[in-house]
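The sequence and the structure come first.

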Amino acid sequence: MICLFLINAPVSAQSEKTTGATSHLSADTLRADSAFVHQYVQQQEEYRQHLPLVEKFYQSRRYQLAWFRNGKLVSHADKLIEAIEHARKEGLNPKDYRVKNIREAYRAFESMSQVDPRKEKTQQELDVALTASYFNYASDFYKGTVDPHSTSAIEWEIRKNKIKLDKALTEILAQKDSTHPFYEFEALHQGYQKLREALVRYRQIKEQGGWSEVKGQDIVKPNDTAQVVVEVRKRLLPQQTVQEQDTAFWVYDLQVETAVKDFQKRHGLTVDGILGPQTYGALNVSVDERIDQILLNMERWRWLPKDLDADNSQNRYVMVNIPGFRVSVYEDGKEALRMKAVVGKTMHATPIFSHQIQYLMFSPYWNVPNSIVEEEIAPKLQRNRNWLSSQNMEMVNTFGPNARRIPVSRVNWYTMTRHNFKYRIRQRPGPNNALGRVKFMFPNEYAVYLHDTPADHLFSEAGRDFSHGCVRVERPAELATYLLQEKPGWNRNRVENAMNASTQQRVDLPENVPVYLVYFTAWVEDDGTVHFRDDIYGHDKALAQRYF
């Protein structure tokens, strides 16, 4: 307990030597000793990981105490303590930050007389405790309680949040204007703030007893009559008074159908108004599970950098929400463009990372990865040596403008593997090209990018995890036009002409645009509706093992 530790903590001999000469100093110039700071923080398990920050903070101020003015705690101390006391609304546990102990220690400090020899030591202990508490809480609040790189099971290669908490605390205590009120602990992102508000609502639902189970098995369609409709009414229309024995409430009428369709939309299901296995399954996810899902996705928001648009002067960025099967463009903090996406299937999961879109490739070649050549193309060539030409494809000695065609007879397709294959296969530009008519390039180690597709029918599916890892976008011409709007001469007409050309063309963006491939299974729309999606890659499950 901090209270007990603060009052009984020993001070090193070096600390005594340094601080023993401070009696002539004013309360505002009192200093702590470096050995004492190190020892104090090391003895507290919760603070130990923040030792470098604590020491760096005190070194920058030559170990002068930070939280006192005229022998009294500054107002920012109260703001910090209040924030910690309300940590639960952030999905954090106030007990992890030992707030009440600090308050008790300060009361003990105030009760001491000015001549009490313990007073200076207690003041220094309080100062260090507050500093360590700030870093302990601020680190969790701004950067997350779980390090996403701590285990390979949590895949997250988004650029890191560069908030320098030691400098933030210096600004706070110096009462300087800051670009962000770090002591107020305000949400860095609207997505986080909306989930925080949803957390309150779902916790209220839990306190009221949650929701009842829907014991459905049979397929029920609009205008059918079934007892399960009564349970669905109770679940989705809680404001309605239902009389179970009145068969009128068994009828699957328009009111219930509308509620079911809305539920299906919010849970990423096929919006057909039909009660079936998937809808029953989503209805019976408990409120506790939904609360946990909200908490996990709030944590992911903490992992994102404070400024998502990076150094982009046009304040725009692209975000791909993988389990949401969605591509969005944000400008000045608002969603300017949204479209459906197709992402990688489980065996070819789309990676989670960030980069910058640098250029577009119109009427592109599709350079086929050797893994696909081995798994999908080689078996076809074993049966039909003309298969490549039927698909507007060719085998070449290398990718690029100097590629030379090689006859398929050069390869034994029965023994070919991705490791011994010394040629390359590519598909020429055209309407049936697997990449469609344009791809959006941000060269990366995963060889993943956004692109068009000739398989437009897949966008009508509710679950759209069909690709080999790349992201297919629903309205590529619209996205390309948007990204090139600042490039002279590039309007929608020119974009479409380039997309329908017979030759490949590279067009650099006037300015790189940040792109984030993220994983959010819960979010809140602008109208306040809370959306949930399936954990298609198991990332929620992996994070839950570390978070809870």
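The count of cavities of 30 Å³ or more comes to 2. A cavity is a set of points, on a 1 Å grid over the protein atoms alone, where a 1.4 Å probe fits but cannot get out; lining residues have an atom within 4 Å of a point. A volume is the space filled by probe spheres set on the points. The model is predicted: local features need pLDDT of at least 70 and side-chain atom pairs count only at pLDDT 80 or more, while totals for chains, interfaces and linings use all residues. Residues are numbered from 1 along each chain as its sequence is written, and side-chain values use heavy atoms, leaving out hydrogens and water.

| Cavity | Volume | Lining residues by class |
|---|---|---|
| Largest | about 70 Å³ | 6 nonpolar, 1 polar, 1 charged |

The lining of the largest cavity includes Phe-141, Tyr-142, His-189 and Arg-302. Helix 8 and helix 14 (287–303) each give two or more residues to this lining. Around the second largest cavity are, among others, Glu-155, Arg-300, Trp-303 and His-539; here the elements giving two or more residues are helix 14 and helix 19 (539–547). Helices (H or I, at least four residues) and strands (E, at least two) are DSSP runs, numbered from the N terminus.

The largest nonpolar core has 88 residues, and Val-37, Trp-67 and Tyr-137 are among those with the most contacts inside it. Such a core joins buried Ala, Val, Leu, Ile, Met, Phe, Trp, Tyr and Cys residues through side-chain atoms within 4.5 Å, where buried means under 20% relative accessible area (1.4 Å probe, protein chains only). Helix 8 (residues 119–143) gives the most to this core, with 11 residues. Apart from it lies another core, of 58 residues, which includes Trp-366 and Val-438.

UniProt, in an unreviewed entry, places the domain "L,D-TPase catalytic" at residues 316–498; its annotations may be inferred rather than shown by experiment. This stretch is 18% helix and 31% strand. For "active site", the unreviewed entry lists His-451 and Cys-470. His-451, in strand 11 (residues 450–451), is buried at 4% relative accessibility. Cys-470 occupies the loop between strand 12 (465–467) and strand 13 (471–473) and is buried as well, at 13%. Beyond four places in sequence, the contacts of Cys-470 (heavy atoms within 4.5 Å) include Gly-344, Thr-350, Tyr-449 and His-451.

Notes:
Buried means under 20% relative accessible area, exposed over 50%, partly exposed in between (1.4 Å probe, protein chains only). On a 1 Å grid over the protein atoms alone, a cavity is a set of points where a 1.4 Å probe fits but cannot get out, and a pocket is an open set with protein on both sides within 12 Å along at least five of seven lines; lining residues have an atom within 4 Å of a point. Ala, Val, Leu, Ile, Met, Phe, Trp, Tyr, Cys and Pro count as nonpolar, Asp, Glu, Lys and Arg as charged, and the others, Gly among them, as polar.
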